[in-house]
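Here are my notes on this one, as numbered points. Have a look at the model first, then read on.

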Amino acid sequence: VFERPFTLKELMEADEIIVTSSSNFCLHADHIDGLPAGGKDPAALKAIQDEVIREYLAYTGKSGLFDT
């Protein structure tokens with residue numbers, strides 16, 4: 001996982017593209033400017049999503065993403 005600015009060419013050639021924010025954990029992007037992108041390594045995407053969620057739950061002490 002790299003957190004840095006990417007060129008559009010690098011982004012289009014990426015195995016997977018993940019967009020994160022405080023309200024979305026690991027949102028999968030599969031199109032950039034209307035063109036298909038990512039989707040080359042769904043197992044890696046799932047592993048990253050699972051780990052981010054696990055870290056969030058451990059940090060907050062919640063048992064699920066939708067706990068209040």
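1. Helices here are DSSP runs of H or I with at least four residues, strands are runs of E with at least two, and both are numbered from the N terminus. On that basis the protein reads α-β-β-β-β-α along the sequence, with two helices and four strands.

2. Some housekeeping: this is a predicted model, where local features need pLDDT of at least 70 and side-chain atom pairs count only at pLDDT 80 or more, while totals for chains, interfaces and linings use all residues. Residues are numbered from 1 along each chain as its sequence is written, and side-chain values use heavy atoms, with hydrogens and water left out.

3. On overall dimensions, the C-alpha trace spans about 40 × 20 × 20 Å along its principal axes. Of the 68 residues, 16% count as buried (under 20% relative accessible area; exposed is over 50%, partly exposed in between, with a 1.4 Å probe and protein chains only).

4. Which residues form the largest nonpolar core? Ala14, Ile17, Ala29, Ile32 and Ala37 do; such a core is a set of buried Ala, Val, Leu, Ile, Met, Phe, Trp, Tyr and Cys residues joined through side-chain atoms within 4.5 Å.

5. Ala37 deserves a click. Leaving aside residues up to four places away in sequence, Ala37 touches Met12, Ile17, Ala29, Asp30, His31 and Ile32 (contact means heavy atoms within 4.5 Å).

6. Please check Asp33 too. Most residues other than glycine have a negative phi. Asp33, though not a glycine, has a positive phi near 50°. Asp33 sits in the loop between strand E3 (31-32) and strand E4 (35-36), and is exposed at 68% relative accessible area.
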